[in-house]
Amino acid sequence: MSVQRSLFDEVMVPTYNPPEIIPVSGKGSRVWDQEGREYIDFAGGIAVNCLGHCHPDVVEALQEQSQKLWHLSNVMTNEPALNLAKSLTEKTFADRVYFANSGAEANEAAFKLVRRYAIEQHGEDKTKIISFTRAFHGRTFFAVTVGGQEAYSAGFGPRPGNIVHCDFNDIEQFKALIDDDTCAVIMEPIQGEGGIIEADPHFAHEVRKLCDQHKALLVFDEVQTGVGRTGSLYAYESLGVEPDVLTTAKALGAGFPIAAMLTKEHIAACFKAGVHGSTYGGNPLACAVGLKVLDIVSDPKLLEQVTVKSERLKEGLKTIGERYDVFSDVRGKGLLIGAELKPEFHGKARELLNHGLQQGVMCLVAGPNILRLTPSLIIPDKDIDEGLTRLDAAVKCMVSV
Ligand SMILES: Cc1ncc(COP(=O)(O)O)c(C=O)c1O
């Protein structure tokens, strides 16, 4: 059955407003729509498709598991979940794993865990959560309240309480907020949705120190930065600051829904049987995919290439920026890249994205002024170059309107 974009407005809850095209297939970093038009994918499913579309090894892992066992729920454990949890603990600071299905759910688990742990260890008053302005942690009610955009939690009635926000990278403000009633601090090593803003390493180290002084847990939301995106398996490694809890999703499934919350044994111990759970969390299909993805992405050679490709893409963006005098900044780490529009083009990021589609390149935005690119970690150089050529044409359209 051939369907069209107009059906979206008839049958979908209008939480989104997608463009007219409907992509139908993808291979590597190229995607084709219903009309057979080709796009270079610089969006990567919003930092999800870390191995491009239909990576043969990932397809094989999914197909193999699909012939064996699809689902049991958590009344039983399963081999892929155990293998993936083992691999995650071997490759990170963590020694315990909880599986969920989305970034927001992994964060929900983390927020409940840090509250539970603090209350059990230190008493009922230790519930304050410190988060950061412009942070994004997903769309559950707890997650939007912890997140740093007030508008996302407005209009839904009373919010979860005792959550405060600090300006990102402002250590003096942070010092004034943290106290012995603080149970946890939640931060993204690089704010993604907030505009590709890196945590200052000095700030992150001070936050870690102050968390220890006040017996507060440090949670890193690595939903966007994790699984190779910034050139290390997790961004905390290159920041040199180890969290107590880490959430990961998006690229862990490379396009198949899976998420995980990682933590230490003594913290995990407060989540006893029945305290938290999920029907689909740890699903064998998702975990078989996750295991294969983690295996491929943790290869040091692949991770090195992320930084090399990052330079190529950033250089190309800078050249376009200079040619049309449009970008005030090109920033980001690895393949989490932002190009900020100059003040005279403020508010035009979405327009640029639409021009990109016209020219055959898929991009993202981070707010009204920032073009965001999160392509596959293994995007071929020729696709980077071709995507840049098409983006150049899109920018030309934007400036000539
Ligand atoms: C840092 C961060 N945390 C959490 C989320 C939410 O993840 P999900 O949409 O899978 O719930 C996102 C999604 O963009 C994110 O960037």
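Reply: A cavity is a set of grid points where a 1.4 Å probe fits but cannot get out, and its volume is the space filled by probe spheres set on the points. The model is predicted. In this model the largest cavity has a volume of about 30 Å³, and a search of the whole structure finds 1 cavity of 30 Å³ or more.

Me: What makes a residue part of the lining of the largest cavity?

Reply: A lining residue has an atom within 4 Å of a point. The residues that line the largest cavity are His-71, Leu-72, Ser-73, Asn-74, Asn-78, Thr-279, Tyr-280, Gly-281, Gly-282, Asn-283 and Pro-284. By class, this lining has 3 nonpolar, 8 polar and no charged residues. Tyr and Pro count as nonpolar, and Gly as polar.

Me: What is known about the second largest pocket, and what makes it a pocket and not a cavity?

Reply: A pocket is an open set of points, whereas a probe in a cavity cannot get out. The second largest pocket has a volume of about 630 Å³. Its lining has 25 residues, and Asn-74, Val-97, Tyr-98, Phe-99 and Phe-271 lie nearest its centre. Helix H4 (79-91), strand E4 (96-100) and E12 each supply at least two lining residues, with the largest share, 4 residues, coming from E4. By class there are 13 nonpolar, 10 polar and 2 charged residues in this lining.

Me: Why is the pair of Phe-132 and Phe-203 called aromatic, and why edge-to-face?

Reply: Rings pair if their centres lie within 6.5 Å, and planes over 60 degrees apart count as edge-to-face. There are 9 aromatic pairs by this rule. For Phe-132 and Phe-203 the centres are 5.8 Å apart and the planes are at 75 degrees, so both conditions hold. The pair links distant parts of the chain, with Phe-132 in strand E5 (residues 128-132) and Phe-203 in helix H9 (residues 201-213), 71 residues apart.

Me: How do you know whether Phe-132 and Phe-203 are buried or exposed?

Reply: Buried means under 20% relative accessible area. Phe-132 has 1% relative accessibility, so Phe-132 counts as buried. Phe-203 also has a relative accessible area of 1% and is therefore buried.

Me: How do you know that the charged end of Arg-139 sits over the ring of Tyr-152?

Reply: For Arg, CZ has to be within 6 Å of the ring centre and within 35 degrees of the ring normal. The charged end of Arg-139 is 4.0 Å from the centre of the Tyr-152 ring and is listed as sitting over that ring.

Me: Why is Lys-250 called partly exposed, and what about Asp-325?

Reply: Partly exposed lies between the buried limit, under 20%, and the exposed limit, over 50%. Lys-250, with a relative accessible area of 21%, is therefore partly exposed. Asp-325, at 41% relative accessibility, also counts as partly exposed. Lys-250 is in the loop between strand E11 (245-248) and strand E12 (259-263), and its phi is positive, about 30 degrees, although it is not a glycine. Asp-325 is in the loop between helix H13 (300-324) and strand E13 (327-333), with a positive phi near 55 degrees.

Me: Why is Ser-400 called exposed?

Reply: Its relative accessible area is 60% and the limit is over 50%, so Ser-400 is exposed. Ser-400 is found in helix H15 (residues 381-400).

Me: What makes Gly-334 buried, and which residues does Gly-334 contact?

Reply: Gly-334 has a relative accessible area of 6%, under the 20% limit, and is therefore buried. Gly-334 is in the loop between E13 and strand E14 (336-341). Leaving aside neighbours within four places in sequence, Gly-334 is in contact with Arg-229, Thr-230, Gly-231, Val-306 and Ser-310. The C-alpha atoms of Gly-334 and Ser-310 are separated by 5.1 Å.

Notes. Residues numbered from 1 in each chain as written. Predicted model: local features only at pLDDT ≥ 70, side-chain atom pairs only at ≥ 80, totals over all residues. Heavy atoms only, no water. 1 Å grid on protein atoms, 1.4 Å probe; cavity = no way out; pocket = protein on both sides within 12 Å on 5 of 7 lines; lining within 4 Å. Phe/Tyr/Trp six-rings, centres within 6.5 Å; stacked < 30°, edge-to-face > 60°. Buried < 20%, exposed > 50% of the residue type's maximum accessible area, 1.4 Å probe, protein only. Contact = heavy atoms within 4.5 Å.
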